[in-house]
Amino acid sequence: MAEHAGEPESLIEKIADKIHGHDSSSSSDSDDDKPSKVEEVQAKIFRLFGREKPIHKVLGGGKPADVFLWRNKKLSAGVLGGATILWVLFELLEYHLITLVCHILILSLALLFLWSNASTLINKSPPQIPEVRIPEKIVLEVASVLRAEVNYALAVLRNIASGKELKKFLGIIAGLWVLSVVGNWCNFLTLFYIAFVVLHTVPVLYEKYEDQVDALSERATIEIKKQYVVFDSKVLSKIPKGPLKEKKKD
């Protein structure tokens, strides 16, 4: 009787285990489905310039992106402060680069020379001057990146000059015109400093107010597309396509 009584209990336990196992598997499946649904929702969100990566990766990742996004506030402030000092020296005080480099080298070499000779008289250890060398790998990587970017820019300019990309043509013409106007207001050094300050302020502000900026840029993009459609229908569609296509039709 005891054996017969034990069989129903074991069956009930097995059925209960199966039910719990099914529930846990279904809950795990639903949990697996959640990230995919989140990714789908994130993919539908409008991002500025159509970016798909976080702003940190867009800036290249690593230490440069950390500096631009103020991950290390002391380092970022130091870099921005150093650039500001150089701009003040060259622009406001009208210091020349060669003069500044020569004065820094004269001061550094004089201090190290005097310290090295005075250390023997004071019975102190001479200064440990590190051996500085530029690694060949870093130089090759930088040259390779610059080469790829220059070739890409030349390919884009060639494609635009051949009359294939009207939107890019108008955008580049507008950008060059704005750059020429800004160039009349300030010299290259000031323009470079402004760009440097923008790189240290705009990305971190965009990362902080990303959702609001993306929402405003989405509205602006929709409005620009509407205006472009109107401009295309009234102006661009009336421009003749050229004699080549007419000859092909004949």
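W70 is partly exposed, with a relative accessible area of 25%, and in this predicted model the residue is placed in the loop between α3 and α4. The backbone of W70 has a phi near 60 degrees, a positive value in a residue other than glycine. Most residues other than glycine have a negative phi. A positive phi also occurs at E94, where the value is near 55 degrees; E94 belongs to the loop between α4 and α5 (97-122) and, at 61% relative accessibility, counts as exposed.

The chain as a whole contains ten helices and zero strands, and the order of elements from the N terminus on is accordingly written α-α-α-α-α-α-α-α-α-α. Of the 250 residues of the chain, 11% count as buried.

Two packed helices are described by the angle between their axes and the distance between the axes. For helix α4 (residues 73-92) and helix α8 (residues 188-208), the axes come within 11 Å and cross at roughly 165 degrees; because angles over 145 degrees count as roughly antiparallel, α4 and α8 are assigned to that class. The crossing in which α4 passes α8 is left-handed. In the second pair, helix α6 (residues 136-161) and α7 have axes that come within 9 Å of each other and cross at roughly 115 degrees, and the two helices are therefore described as roughly perpendicular. The crossing of α6 and α7 is likewise left-handed.

The structure holds two salt bridges. One of them is formed by E207 and R71, with the closest N and O atoms 3.0 Å apart. This pair links distant parts of the chain, since E207 is in helix α8 whereas R71 is in the loop between α3 (62-68) and α4, the two residues being 136 residues apart. The loop that carries R71 is also the loop in which W70 lies.

A nonpolar patch on the surface is formed by L166, F169, L170, I173, F231 and V235, which together have about 480 Å² of accessible area. Helix α7 (residues 166-185) supplies the largest share of this patch, namely four residues; α7 is also the helix whose axis crosses that of α6 at roughly 115 degrees. Another member of the patch, V235, is located in the loop between α9 (210-234) and α10 (243-249).

Notes: Residues numbered from 1 in each chain as written. Predicted model: local features only at pLDDT ≥ 70, side-chain atom pairs only at ≥ 80, totals over all residues. Heavy atoms only, no water. Patch = residues over 30% accessible without salt bridge, like charges linked within 9 Å, V, L, I, M, F, W, Y side chains within 5 Å. Areas by Shrake-Rupley, 256 points an atom, 1.4 Å probe, with all protein chains shown as cover. Salt bridge = Lys/Arg side-chain N within 4 Å of Asp/Glu carboxyl O. Axes fitted to C-alpha atoms, helices over the stretch in contact; angles between N-to-C directions. Parallel < 35°, antiparallel > 145°, perpendicular 65-115°, else oblique. Left-handed = near helix turned anticlockwise from the far one by under 90°. Buried < 20%, exposed > 50% of the residue type's maximum accessible area, 1.4 Å probe, protein only.
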